[in-house]
Amino acid sequence: MSYKALILSSLLAALVSNDAVASKTDEGLSDEVLAQREDLAGRLDALKSKLETDSKAVDADQVVQWNSWSSWQSGWNNY
Amino acid sequence: MSAPAGLIKLIVMQPTPYCNLNCDYCYLPDRDSRQRMRPETLDAVGRRVLANPITSDPVTVVWHAGEPMTLPPDWYEEAFSRLAAAAPGRKVQHSFQTNAVGINEAWIDLWTRWNVVIGISLDGPVDLHDQHRKTRGGGGSYALTMRGIERLQDRDYPFHIISVLTADSLRDPDRMFDFYLQHKLRNLCFNVEEVEGGNKTSSLKAPEFEEAYQRFLSRFVERSRSLPGHFHCREIDGVIRLIGAAAETRRHNPQVRPLEIISIAVDGGMSTFSPEFLGVKAPEFNNFVFADVQVEGPEAMLLDPSFQRLHADITAGVEACRKSCAYFDACGGGAPSNKYFELGSCGGTETFYCRLTRKATLEGVLAAYENDLELA
């Protein structure tokens, strides 16, 4: 493996293992931001629980798999 | 040390920068240029990107950053074939985002043969659409777009609609809903008029429109729940999927992860992060071009000093969002291009764009479900 290929391989491996977003959670947050985060998580979890038990809320067909372009264009994350 | 598989998930290809329309909110800077991607460049994309072990299988290729239908169907027949020949066995989901002007049998035959996903830009009723989506002669483009849509419907070819919402369209969500219902448009996506690239202002840039956008989406949830299974709306489904996702995946943000999205310009220049960086003049980042696909593969971008400076800025911006924003766990740090265009730096935090597309979208959809399910 050439020197350049070795550096690229190392950089690629680092990209996968060193994801700042995935690896940190509550580190260094103020009490105010932490409380806001917990409030939003609580609302999402409450709806998750309710939707799972409420058959009229979401039919299975409603959750479509949009292609990645659509998700990218919307700015929404989870494609 | 082996290369991480599946890193590249989306490839945005610019077959030509040219657009046959002249929409007043368009962010693309070079839409007068008639340049088209050369066959040799297509071969290089196939060999160095599609066949690359770090590219996911299947991978999505989006033909965009100009109006793709200004090149003829034969051009794509050759382009798709060249890409397939250069990366045998790789499953590729081709996708067009188009203004639908000029859809005919030849286009639908091409898309049918290659199973192409079609998105059409249509902003709603004729007055709303024609207000911004102009022909190069200055007239409205509504009739041309609707003719294309009718041809797809005649052939039962599936497609989705992307509507850019402006201040006028937010005022009457029921009118928008009834329009889609009347024209049997069942798969909907909403974009907002952004401050981006060549578009320096937005009719939505006032705090009252964040509330108006929330009300708009809440009303769409109410109306669509009265017609179960009839409509699929990307924004509503996106929030539902977010609710169902594990906490760590809610923060996944492909626009801040190097190489997850690769953009390839008409001349072979490669970029990453936000596709909206393509074609933007930014000397401090070498115009966001970090490698040339005709010379080297996408990994080479990682060694480029301009890429490394931008990556550092984006990482700082994500960290600043993480420390300051209540919505970070449902966002993952925003869109670098919007930070750059609005704040002048990818190291910043909140933008007008994220207030609308992340915060107001989430609040609008959540509020409707909370109200309906008596959780409020």
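Biologist: How many bridges join strand S1(B) to strand S8 of chain B?

Modeller: In this predicted model, S1(B) and S8(B), which covers residues 261-264, run parallel and are joined by 4 bridges.

Biologist: Which residue of S2(B) stands opposite Ile11(B)?

Modeller: Opposite Ile11(B) stands Val61(B), and the two strands concerned, S1(B) and S2(B) with its residues 55-63, pair in the parallel sense over 5 bridges. As a general idea to keep in mind when reading such pairs, the side chains of a regular strand alternate between the two faces of the sheet.

Biologist: What unit do S1(B), helix H1 and S2(B) make?

Modeller: Together with helix H1(B), which spans residues 39-50, the strands S1(B) and S2(B) make a β-α-β unit, and this unit is right-handed.

Biologist: Why is S1(B) described as largely enclosed by the rest of the structure?

Modeller: The reading rests on a cut-off, since a residue counts as buried when its relative accessible area is under 20%. In S1(B), residues 8-13 of chain B, 5 of the 6 residues are buried, so the strand is largely enclosed by the rest of the structure.

Biologist: How many helices and strands does chain A have?

Modeller: Chain A has 4 helices and 0 strands, so that its elements, read from the N terminus on, follow the order α-α-α-α. Of the 79 residues in chain A, 41% are buried, while the chain exposes about 4400 Å², of which carbon and sulfur atoms supply 53%.

How values were computed
Residues numbered from 1 in each chain as written. Chains lettered and ligands numbered in written order. Predicted model: local features only at pLDDT ≥ 70, side-chain atom pairs only at ≥ 80, totals over all residues. Heavy atoms only, no water. Buried < 20%, exposed > 50% of the residue type's maximum accessible area, 1.4 Å probe, protein only. Areas by Shrake-Rupley, 256 points an atom, 1.4 Å probe, with all protein chains shown as cover. Pairing = 2+ DSSP bridges. Right-handed = clockwise from strand over helix to strand, strands pointing away.
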